[in-house]
Each structure stands twice: as structure tokens, then as C-alpha cells.
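Okay, thanks for coming, everyone. Let me put the model up and walk you through a couple of bits of its fold.

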Amino acid sequence: MSTSSNNKPPYPHPAGGWGALKSSARHIIKSEHAAQGVKTLLKANQPGGFDCPGCAWGDEKTAGKIDFCENGVKAIAWEATAKRTTSEFFAKHSLQELRQWDDHSLEKSGRLTEPMLYDGTSDHYQPVSWQQAVKIISESLQQLASPNEALLYTSGRASNEAAYLYQLFGRVYGTNNFPDCSNMCHEASGVGVTRSLGTGKGTVTMEDFDQADAIFVFGQNPGTNHPRMLSTLRKASKRGARIVAINNLKEKGLQHFADPQSPKEMLIFSSTTISQHYFTPRLGGDMAILRGIAKSLLERAATDPSLLDNDFIDKHCHGFDDYRQAIIDSSWEKILQQSALSRDDIELMTDIYANSDKVIFTWAMGITQHRHSVATVRELINVLLLRGNIGKPGAGACPVRGHSNVQGNRTVGINEHPSAEFLDALATRYTFTPPRDAGFNTVESIQAMLAGRAKVFIGLGGNFAAATPDTARTYQALQRCDLTVHISTKLNRSHLVTGKRALILPCLGRTEIDRQESGEQSVTVEDSMSMVHSSRGQNEPASSQLKSETAIVAAIACATVGEQVVDWSKLASNYDLIRDEITAVIPGFVDYNVRVKASRGFYLQNPAALHQWNTPNQKATFSDARLPQQLIHESAQSLTANPVLTLQTMRSHDQYNTTIYGMDDRYRGVYGERKVIFICEEDMLNHNLQEGDAVIIRTVSSDGVERSIADFKVIRYQIPRGCIAAYYPETNPLVPLESIAEGCGTPTYKSIAVTIEKIKPS
Ligand SMILES: Nc1nc2c(c(=O)[nH]1)N[C@H]1C(S)=C(S)[C@@H](COP(=O)(O)OP(=O)(O)OC[C@H]3O[C@@H](n4cnc5c(=O)[nH]c(N)nc54)[C@H](O)[C@@H]3O)O[C@H]1N2
Ligand SMILES: Nc1nc2c(c(=O)[nH]1)N[C@H]1C(S)=C(S)[C@@H](COP(=O)(O)OP(=O)(O)OC[C@H]3O[C@@H](n4cnc5c(=O)[nH]c(N)nc54)[C@H](O)[C@@H]3O)O[C@H]1N2
Ligand SMILES: [Mo]
């Protein structure tokens, strides 16, 4: 059983409920803008309001229903804070001093208010005019030997409009270097699902969750990261759908949930059981589980052929025979060893899968951040295809996206591997020659900076220095740049890891009114269910000097490449015009400006959901990948003095990626600290550890680089043997840059080979 680091008992309540309401109220009050906070919240995810800058879960259909969650409240309160990081703040604190601050304290300083330029002589940021800032950027870009020496990073909060202009600017300038947060997030889903189904997105809508007979939730912690999904799962559970959780940790939100929006549950302190079945495999064991389900299905189908949807397979699928061979070649011994589940567990999962007509698989980072993540995503699809669970109501694949508009960013062209059709469409629309070479993804960008092949870094949001792997090398990489630029709302680590020159450009957030020449603007975003809808800020901007992301991108573009190809200023003056451009270039956006005005926006049709397979053979394609040769836990000898463990890095309940709202992880019973490792009783014994001991964590790698972090406090936790967990971003110094997923370049944040060693009290 888990215990807290401060010896508090494990959190006894269901997820959500009064605990969530209490925490929400505390965060609104801490933002020092309580009245505005509440007003702002009521507009979250409502027609005419703004899209919650939290997660990418779909919005509720019922008009007027309040649609936000505790962690959405934190995101909104954090953005709508009354605190400001002004030029006086920067005059007071040198970078050397600020580097000693933790991530929580940096962002807590408040909203950035004016453009700042780093002055190396004084080691302080100093105010700079927008005009001067833009000039520095355009001159630096113009001086590069090749446009491919520039890196244009995006974090998934940018609107469709800002992201569209950003990619257009990059391509007119001459590069496809668009590393983005997606490279570290759902890239494996995009790559895997595209290879299997011909389109890289989820195939389900919110309505499918109302019809599914069973929902399998793989490698995901919705109680913290997609709390509104719990309302959806609760509804499904209440009407009798089977919910199965597969997660190496027993996450509270996947067990019981009290919906703060259900007066009855709140008043009588009751809750709904979310998952009737909960399986806890070892890290990276999901592909083996899925292969086991497939194997069991195949064995059962020998006597009952109707267990496979043979008509669907014959009509729509390619590669079934090779897949069947791969299943036969996967031994039960290997399946059980890799998953660390029992045969009975797998047979039970197969029972549920085989007895349900309509099944949805959802997944997130527990699937995508492993070496074999693309193969695992494809195995998820394989198993869905076996019973025709793609493109029928109540069934399908649902990669639950991270950032609120990360999916939209990809749709409008943020992609280091753009398709030829997309580039052709740009070439036709704007009469220029877009670059055809693939650009750098996030890891390749770091490697390019280290090698001196990339020299200007621009970040449209995000916190590149903290979110990426191999912290020491990432810092070196950024420091080698001629110029680093961050378009941001809050002060973060990346602002402190400067190139020879460095700029901070403060921008409007989602909650704020965006005024341009033609009047107040709205922007648009796309959620995990491919719904595109508009978002309009309600609050006065945090400072009169803030500009919108769209306006900033347009200004940089105008100064760098001029207005011969694109009239940037005109587009930025009225976002309807940008949406017209998107309509002209990207399929699915016909009548964008009209349809987005409908209260909940419009659905971007997913071809796979219509059984249109845009794969090379025009069929849904089974993958016949073998199981990984060896997972870390298979090679680790558990009885040696210092066995290798598998570390997963994850989010606490009080953080949004690198934004740390507070030091608690309520549902896991951790309060007031983040430098902790979760480890099971047996491994503690084996390492001679007591709760509260401090340890050093060291990476095991063959590249000769020493990577370690110290002073992590031991927490006894229910987690499979040989697996440990700790929070990101503190653990990023441990992740080798070269340790990436096969076929997509995502860092293996959920399976890092490490050893731990007790620090002896001195
Ligand atoms: N409040 C809040 N909301 C967020 C975010 C946030 O930081 N805070 N981040 C946003 C972003 S960008 C993203 S990508 C999503 C992230 O959403 P999640 O993917 O839920 O985030 P993680 O904390 O990385 O959690 C991974 C989950 O997978 C489990 N897991 C890890 N490895 C394995 C494995 O090998 N197999 C299985 N079966 N399970 C495993 C972990 O125990 C954990 O429950 O959330 C988005 N929403
Ligand atoms: N070890 C480990 N590392 C990981 C992960 C993991 O699970 N483990 N997860 C990975 C994943 S899934 C992701 S998505 C990445 C996240 O990587 P990023 O997207 O780069 O990081 P964030 O922490 O979301 O960025 C936070 C910053 O964004 C800025 N910001 C906030 N709102 C806005 C806005 O509206 N506009 C602009 N311009 N700026 C804004 C603020 O200045 C804030 O400091 O991290 C990855 N890194
Ligand atoms: Mo993400």
C-alpha cells in the first residue's frame, strides 16, 4: 500500500469530489484575482468563451453545463494571476541568481510584461522595444549560412492561426525545422496509427464513449492529466460499460471518482467505480499484453471463428497472415515475462474484449515514451482490427493528446516531415518553392545545436530546456546558439539558458482579449476528438505591451522575408483571413469561418472512421512486428548487489508539464516535495532502503557519459518489482539524448535503465 513521504496515510477519498473542489478554490485564491478567476472559469470550454489551456479532452455537448476540472482551474488561475514579472524584477535578479530558483518559483513570479533582451555584461535581462527585438531576430536569421540553421520550436498551446502563420513563415524563409512538443509526446501514435490506418489521429468522437461496451485505458493517468475524461468514463461505467485499466501504478482516478458536477455524489460522499478491472504490468509490457490478447483470441477462434471479424479482415485489412505468424511466433513464456502479468490476467482481458461488440482503446504517455512505442501503438490497432473495432459506432482508437492544441498544430502544418501534398498546396497558394528536405525533430535539433549546425532557436511557447532529455547536453546546445528567442507567458528555465544573445517576447494567453486592427479576435483549436472550435479570451491583457502570438509571428516574418509572398500584416490584422488561408490549403476546412461559429465548432472527418484507408495498399494494415528482444527488466539480474531498475518519469497532480503549481501529489499521498522515488517493498529490501532514505539515481548507458541526480527520497509504493517512478522534469538529466523510440525519435522517458544507491548520512 502506498504511504506518503510525510507519513500521511494514502489519500482515502475518490478522485474528484470535495478534495478537487477544495484544491480548486485554493488555487483561485492563490492567484490573487479571485473574482476574476471565477468569472474566467465560467467561460472555460463554453461557446463564446475560451478553450481551457489545460488538456485536449473533448468538450461536453450539453450547453450551459460547467465544463472544467480542478487541473483546468489551476491552469487558468496560473495564467490569470495578478502577479507580474516586470523589468524591475529583471533589474533586481541576475541570471546567475535566478538559476538557483526552482521551476515553481520562476513561474510564480507572475506574467511577463514586456520584451526583454539579455545583456551578458551585466548578466541581467533588460527591456528592449518590440521593434528592436524583431530587428535582432530578422538580422540573425538573414545572416545564417542556410535557413536550416534555424529551429522553430512549437509547444502545443499555440492556436491554429498562430501555428499556421509560423509554419508558413518557416517555409517561406526556407526550412522545415519544426521541432515540437509532439516529438516528445504522441509522435509514436501519429506514426503508428498512420502506418496502420492511413491517418494519424484518433478515430473516435465523444459520442462513441456513450455507446462503447468496453473501454481499455492504457498507460494514462486521467485523474490528473485529463480529469474531464473521468466524467466520460463515469458515465460509461454507470450505464454498464466495462472499463479496464492497464497501468503499472494503481492511479486513484482510474479506481473511484466522485463527479464534482453530480450533486448527489457530492452530497452523500459517494463515488463511482471507474475500472472494474485493473492490471499492473511492468514498464513497457503493454505490447506483450496486447500480443497475449491476440494470441488468446486466435486460439479461441480455432473453435469459434466468429470471435474474429473475418468479413472486416477480408474486406478492409492487409497483412493478416504475416500478423498471425507473428502471433504464433510470440511464445506465452515471452508474453508473460515481458508483461509480468499472469496467463489468467490475459485470459480475463481477452474475455472482456471478446465479449464486447464495441471497444475503445485509449492511451497516452505510458505507451508512447518507450523504445518500442511505435510497435506498441500498432499492436493496439492490430487488436482492434481483429474484431472490426475501427470505424463502427462505439469503437475505435483514442490516443488522448497532451497540450490543448497539439493536434491542431499538426493539422495546420507544424511538422518536420511535411507531406508532399501539403507543400504542393502551399506552393500553389503562395507561388514560392517550399523546402522539400525533412527538418529536425526535437532530439535532432539538440544534436544540431551541439554540432554547430543550428544557430538560432525560436520557441513559440513551451520550455525547451526543461522538457527535453539529457539536460546537461541540452543546456550546452542552447548556449552554443547565436540567438535564443522565447515567446512566453511566464518566466521559465529556458529563459535562463541563453544563447550568445537571448530574447523573451511576452505574449497574450488564451484567457485574454486579443485586439487587432479589425477588432477583437477569436482563435481556433482542435481537441483529441478532432473537433475544431473557437476560443475567445475574456480578460484584459496582463500588460498593455503584450502581443498575440499571431502578431509576433507576423512581425518576425515581415521583417525577415518581406511581404512579397505573403501579406503578413494583413493576415494578422484579422484572423478570419488566416482561416480563409487554411481553408484554401488544408482539406476539411471548407467554410471554416462559418462552421466554427456553431456553438461547439465542427468535426474534422477522420477517413479511417469511414473505412477509407489512406495507406499505400488502401487497406488497414496489420503490423507484424516481433516483441522487443529484451526489456530492461528481462536483462536485469534482480539478485545482484545493485540491480538495474527501469525508471518511468511522470507528472504529479500539481504540475502542468514543466509548470509546477505546487509541491503536492494528493492522489499518490505525497505532500510538500517532488524529489522522491516510488519503489516497492521488495526492491527496498533488496537495496537495504528505508522510507525517507536519500538516494542517488544513476543512468546505465554504454556511451561513457555519467548521468546522475542525487537526494531523491524513497517512498514505499505499490509498483511492480524492478520498476521505479519519479517526477519529470527533475529526472531529465538522466535521459540519454540517443535513447529514443524506434521509428519516431521520442525520448524513452518511461523506460530508463538506472541504478540507485543509498546516500549514507554524513
Ligand atoms: N494537469 C495536467 N494535465 C496535463 C498535463 C500535465 O502535466 N498536468 N500534461 C499534458 C500533456 S502534454 C500530456 S502528454 C498528457 C500526459 O498524460 P499522461 O500520459 O497521463 O501523463 P504521465 O504523467 O506521463 O502518466 C503516464 C501514466 O502512464 C503510466 N505508465 C507509465 N509507463 C507505463 C507502461 O509502460 N505501461 C502502462 N500500462 N502504464 C505506464 C504511469 O503510471 C502514469 O499513470 O497530459 C496533458 N494534461
Ligand atoms: N522526462 C520527461 N520529459 C518529458 C515528458 C515526460 O513525460 N517525461 N513529457 C513530454 C511531453 S508529453 C511534452 S508535451 C513536453 C512539454 O514540453 P513544452 O510544451 O515545451 O513545455 P511546457 O512545460 O508545457 O511549457 C510551459 C511554458 O509554456 C509557456 N506558455 C504557457 N502558456 C502559453 C501560451 O499560451 N503561449 C505561449 N507562447 N507560451 C505559453 C510558459 O512560459 C510556460 O513556462 O515535455 C516532454 N518532456
Ligand atoms: Mo505531451
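So, what you have here is an open sheet of five strands, and if you read across, the order is E11-E8-E7-E13-E14, with parallel pairing. Keep in mind that this is a predicted model.

Which strands stand at the edges? Those are E11, residues 277-279, and E14, residues 396-399. Each has a single partner strand, so one side of each is left without a neighbour in the sheet.

Helix H20, residues 373-386, lies across E7 (214-218), E13 (359-363) and E14. Relative to E13, H20 runs at about 175°.

H17 is residues 332-339 and H18 is residues 343-354, and their axes come within 10 Å. How do they cross? At roughly 95°, and since anything from 65 to 115 degrees counts as roughly perpendicular, that is what we call H17 and H18.

Who makes the contact? On the H17 side you've got Trp-332, Ile-335, Leu-336 and Ser-339, and on the H18 side Arg-343, Ile-346 and Glu-347. By type, the residues of that contact split into four nonpolar, one polar and two charged.

That's my tour, so over to you for questions.

Technical notes. Residues are numbered from 1 along each chain as its sequence is written. Chains are lettered from A and ligands numbered from 1 in the order in which they are written. This is a predicted model: local features need pLDDT of at least 70, side-chain atom pairs count only at pLDDT 80 or more; totals for chains, interfaces and linings use all residues. Side-chain values use heavy atoms; hydrogens and water are left out. Axes are lines fitted to C-alpha atoms, for helices over the stretch in contact, and angles run from 0 to 180 degrees between N-to-C directions. Helices (H or I, at least four residues) and strands (E, at least two) are DSSP runs, numbered from the N terminus. Angles under 35 degrees count as roughly parallel, over 145 as roughly antiparallel, 65 to 115 as roughly perpendicular and the rest as oblique. Contact means heavy atoms within 4.5 Å. Ala, Val, Leu, Ile, Met, Phe, Trp, Tyr, Cys and Pro count as nonpolar, Asp, Glu, Lys and Arg as charged, and the others, Gly among them, as polar. Two strands pair if DSSP finds at least two bridges between them.
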